[in-house]
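User: I'm new to this one, so could you walk me through it slowly?
Analyst: Gladly; here it is.
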Amino acid sequence: MVNEVTDKSFEQEVIKSEMPVVVDFWAPWCGPCRKLAPVTEKLAEDFQGKVKFVKINVDENPEMSQKYGVMSIPFLAFFKGGQKKDSTVGALPEEALKLKIEALVDGK
């Protein structure tokens with residue numbers, strides 16, 4: 001399951017998370033974001049217990065979007081140990097995202 005986070009809950013849910021986190025920066029009006037949503041939902045199931053998946057609406061939460069340099073969406077940021085380790089822009093295919101997530105989990 002992909003939970004919604006806000007500027008206020010970001011630190012608790014992402015930075016302080018015990019497990020790696022994939023953050024989906026998105027907006028309801030963004031077509032590619034809606035296309036990516038079922039992919040992140042499926043990957044959240046595949047990596048349940050290993051990786052946490054959250055999404056943050058960029059229109060409602062400009063602070064975190066600005067902090068992490070989000071210029072285009074969908075923008076996925078990969079966090080581990082409170083640090084951003086990687087990011088992607090655009091609706092990547094499931095296999096490409098899976099490789100990035102596995103690298104995050106394995107610490108590569």
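Analyst: A word first: buried means under 20% relative accessible area, exposed means over 50%, and partly exposed lies in between, with a 1.4 Å probe and protein chains only. This is a predicted model, where local features need pLDDT of at least 70 and side-chain atom pairs count only at pLDDT 80 or more, while totals for chains, interfaces and linings use all residues. Residues are numbered from 1 along each chain as its sequence is written, and side-chain values use heavy atoms, leaving out hydrogens and water.
User: Is Cys33 buried or exposed?
Analyst: Cys33 counts as buried because its relative accessibility is 2%, and Cys30, at 3%, counts as buried too.
User: How far apart are the sulfur atoms of Cys30 and Cys33?
Analyst: They lie 2.4 Å apart and form a disulfide, a term for a pair of cysteine sulfur atoms within 2.5 Å. The link is right-handed, with 80 degrees about the S-S bond.
User: Switching topic, which strands does β4 pair with?
Analyst: Strands here are DSSP runs of E with at least two residues, numbered from the N terminus, and two of them pair if DSSP finds at least two bridges between them. β4 pairs in the antiparallel sense with β2 over five bridges, and with β5 (residues 83–89), also antiparallel, over six bridges.
User: Which residue is the bridge partner of Val23?
Analyst: That is Ala77 in β4, while Phe75 stands opposite Val89 in β5.
User: And why is β4 largely enclosed?
Analyst: Five of its six residues are buried, so the rest of the structure largely encloses β4.

Terms used
Helix = DSSP H or I, 4+ residues; strand = E, 2+ residues; numbered from the N terminus.
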